[in-house]
Amino acid sequence: MASSEAERQRIDECRPNIYIIGAQSTGKTTLATALGEYFAQRFSHYPSIDEPAQLKEVARGVLKRHNFTASDITSSKARALELQQLIIEAQATAETSLANTWYIADRSALDAVAYARQYVGIAEAESLRQGTTWHEIVQRMRASVVVLCEPCREWLVDDGIRLMPQNQAEWLELHSQFLGLLAGSKVPYTMLPCSISRLEERIGFVIDAWKKKQAAIE
């Protein structure tokens, strides 16, 4: 009983957020959803501990509310930059609303900057990384578990909503934008390699990273 109570208290006091980030079609939302289900089952033994909130599909919500389409990202640089700014604001608002709990997110505000760098320009993208809001975003990410999904060629499927790269080279270039931004923002991260493709193994990979972050915080 004492051991169980000690575990409950440790989990309750140390629950870092989880960000699953990366280029399109890398399995982010599928993995984030599965992680939510994992923790819901695990914490069912501890009713006093809140399950993680699910912060998903923020970008799609922005596209719908503001009448954007994926093609706007490549057809108009001004519109593309406006879209990424709106996504950052929506992501920041969603994260702030969950300040009293913890969450699993299937993207981050950094994703929007990566897309801006790729499809608008580096100088323009830098304008998105200014002000208090961006500083707070980066601070939250530094205190969280950040998992960058490596692109897997066979997963590149057009769902009719997301922006699709013209070829694999463009897709990998976007991935490189993430790598550069994470390094430049000094956000620690773990790369989830393409070689780990089974969902159960991907869940285990993230859980191991989460436990390591817990131990580091403690």
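Biologist: Which residue of strand 4 is the bridge partner of Tyr-19?
Modeller: That is Val-146. This is a predicted model, with residues numbered from 1 along each chain as its sequence is written, and side-chain values use heavy atoms, leaving out hydrogens and water. Local features need pLDDT of at least 70 and side-chain atom pairs count only at pLDDT 80 or more, while totals for chains, interfaces and linings use all residues.

Biologist: How do you know that strand 1 and strand 4 pair?
Modeller: Two strands pair if DSSP finds at least two bridges between them. Strand 1 (residues 18–21) and strand 4 (residues 145–149) have four bridges in the parallel sense, so they qualify. Strands here are DSSP runs of E, at least two residues long, and helices are runs of H or I, at least four residues long, numbered from the N terminus.

Biologist: What makes strand 2 and strand 5 the edge strands?
Modeller: The open sheet has five strands in the order 2-3-1-4-5, with parallel pairing. Strand 2 (53–55) and strand 5 (190–192) each pair on one side only. From one strand to the next, the twist averages 20°; angles run from 0 to 180 degrees between N-to-C directions, and axes are lines fitted to C-alpha atoms, for helices over the stretch in contact.

Biologist: Why is helix 6 called oblique to helix 9?
Modeller: The axes of helix 6 (residues 109–119) and helix 9 come within 9 Å and cross at roughly 125°. Under 35 degrees would be roughly parallel, over 145 roughly antiparallel, and 65 to 115 roughly perpendicular, with the rest oblique. The angle of roughly 125° falls in that remainder, so helix 6 is oblique to helix 9. Contact, meaning heavy atoms within 4.5 Å, involves residues including Leu-110 and Tyr-115 of helix 6 and Leu-174 and Phe-178 of helix 9. Helix 9 (residues 168–184) also lies across strand 1, strand 4 and strand 5.

Biologist: How many salt bridges does a search of the whole structure find?
Modeller: There are seven. Arg-79 and Glu-82 form one of them at 4.0 Å, both lying in helix 5 (residues 77–97), three residues apart, about one turn of the helix. Arg-117, Glu-126 and Arg-129 are linked in a network of salt bridges.

Biologist: What makes Glu-200 exposed?
Modeller: Its relative accessible area is 53%, which puts Glu-200 in the exposed class. Its salt-bridge partner, Arg-198, has its closest N and O atoms 3.5 Å from those of Glu-200, and at 45% Arg-198 counts as partly exposed.

Note on methods: A salt bridge is a side-chain nitrogen of Lys or Arg within 4 Å of a carboxyl oxygen of Asp or Glu. Buried means under 20% relative accessible area, exposed over 50%, partly exposed in between (1.4 Å probe, protein chains only).
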